[in-house]
Amino acid sequence: MKGPLHQTAPGERDEPDIDRRALLAAIAATALATASAQSFAMARPPLPTGRITDFDFLHGHWKVKHRALIQQRWQEFEGEVTSRPLLAGQTNIDDNIWTLNGKTSRGLAVRIFDPKSSRWSIFWLDDRAPEKFGPPAVGGFTGNKGTFYGDEEYQGKPVRVRLSWFIDGTDRARWEQAYFFDSEATWRPNWLWFFDRTASI
């Protein structure tokens, strides 16, 4: 907008303010679209592929230390996991148990390998919400790191989820769950598991 002392020179066209407003609106819309596209790319990268042997390291019994973000506060608690293969290794299941604030909970992880896509689908079920089973997180391993993406609901709103596995050796591993919030355009971890093997099967 021109200031009160601005004088239009001969031959200079005094453009209406509405044109400037439209230009600023177009610039803002372009910036927003670019940010949205970048956010979408972060939340939905290409799905990793893997192999049917990706989870062989997990078969056995484990003690697990949990660290979870609950009501905006990190809490630590302990649990156990027993993992075993089924269907000649194409499927594996985990029987999970943990105790938080004096209450014991159980969860079941089911992983299914699709040889056509070379990807795993991971489903989760626990006794806190027995009516929910899926949708799955999908992906695979590259070296000692596995990455899987899926869609969930958080506080009634859809959210993108990323599950990450880290193999730290024959008898140690880590797992991380993180949510992607469009309003923040970043991944926020909310549940960490630290595995120590107690026995093999």
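**Entry 1: the barrel**

I looked up the sheet and found a closed barrel of 10 strands, ordered β1-β2-β3-β4-β5-β6-β7-β8-β9-β10, with antiparallel pairing. From one strand to the next the twist averages 25°; axes are lines fitted to C-alpha atoms, and angles run from 0 to 180 degrees between N-to-C directions. Two strands pair if DSSP finds at least two bridges between them. Strands are DSSP runs of E with at least two residues, helices are runs of H or I with at least four, and both are numbered from the N terminus.

I note that the model is predicted, that local features need pLDDT of at least 70 and side-chain atom pairs pLDDT 80 or more, while totals for chains, interfaces and linings use all residues. Residues are numbered from 1 along each chain as its sequence is written, and side-chain values use heavy atoms, with hydrogens and water left out.

**Entry 2: the chain as a whole**

I listed the secondary structure of the protein chain as 1 helix and 10 strands. From the N terminus the order is α-β-β-β-β-β-β-β-β-β-β. Of the 201 residues in the chain, 35% are buried (buried is under 20% relative accessible area, exposed over 50%, partly exposed in between, with a 1.4 Å probe and protein chains only). I also looked up contacts (heavy atoms within 4.5 Å): among those with a separation of 6 or more, 40% join residues 24 or more positions apart.

**Entry 3: strand pairs**

Strand β1 (residues 60-70) pairs with strand β2 (residues 73-86) in the antiparallel sense over 11 bridges, and His-66 stands opposite Phe-77 in β2. Their hairpin has 2 residues between the strands, and Gln-71 there takes a positive phi near 50°.

Strand β2 is joined to strand β3 (residues 91-100) by 9 bridges, again antiparallel. The bridge partner of Thr-82 is Asp-95 in β3. The hairpin of β2 and β3 has 4 residues between the strands, with Leu-87 at a positive phi near 50°.

Strand β5 (residues 119-126) and strand β6 (residues 137-142) run antiparallel and share 3 bridges. Here Ile-122 stands opposite Ala-137 in β6. In the loop between β5 and β6 I found Ala-129, which counts as partly exposed because its relative accessibility is 22%. Ala-129 and Gly-107 are 22 residues apart in sequence and 9.8 Å apart from C-alpha to C-alpha.

**Entry 4: Phe-141**

I placed Phe-141 in strand β6. With a relative accessibility of 8%, Phe-141 counts as buried. Leaving out residues up to four places away in sequence, Phe-141 touches Thr-49, Gly-50, Asp-54, Phe-55, Phe-57, Gly-146, Phe-148, Trp-165 and Ile-167. Phe-141 and Gly-50 are 91 residues apart in sequence, yet 4.9 Å apart in space, C-alpha to C-alpha.

**Entry 5: the largest pocket**

I looked up the largest pocket, which holds about 1300 Å³ of space. A pocket is an open set of points on a 1 Å grid over the protein atoms alone, where a 1.4 Å probe fits, with protein on both sides within 12 Å along at least five of seven lines; lining residues have an atom within 4 Å of a point. The volume is the space filled by probe spheres set on the points, which are joined across faces, edges and corners.

The lining has 46 residues, and Asp-126, Arg-128, Gln-177, Tyr-179 and Trp-191 lie nearest the centre. Elements giving two or more residues to the lining include β1, β3, β5 and β10 (186-199).
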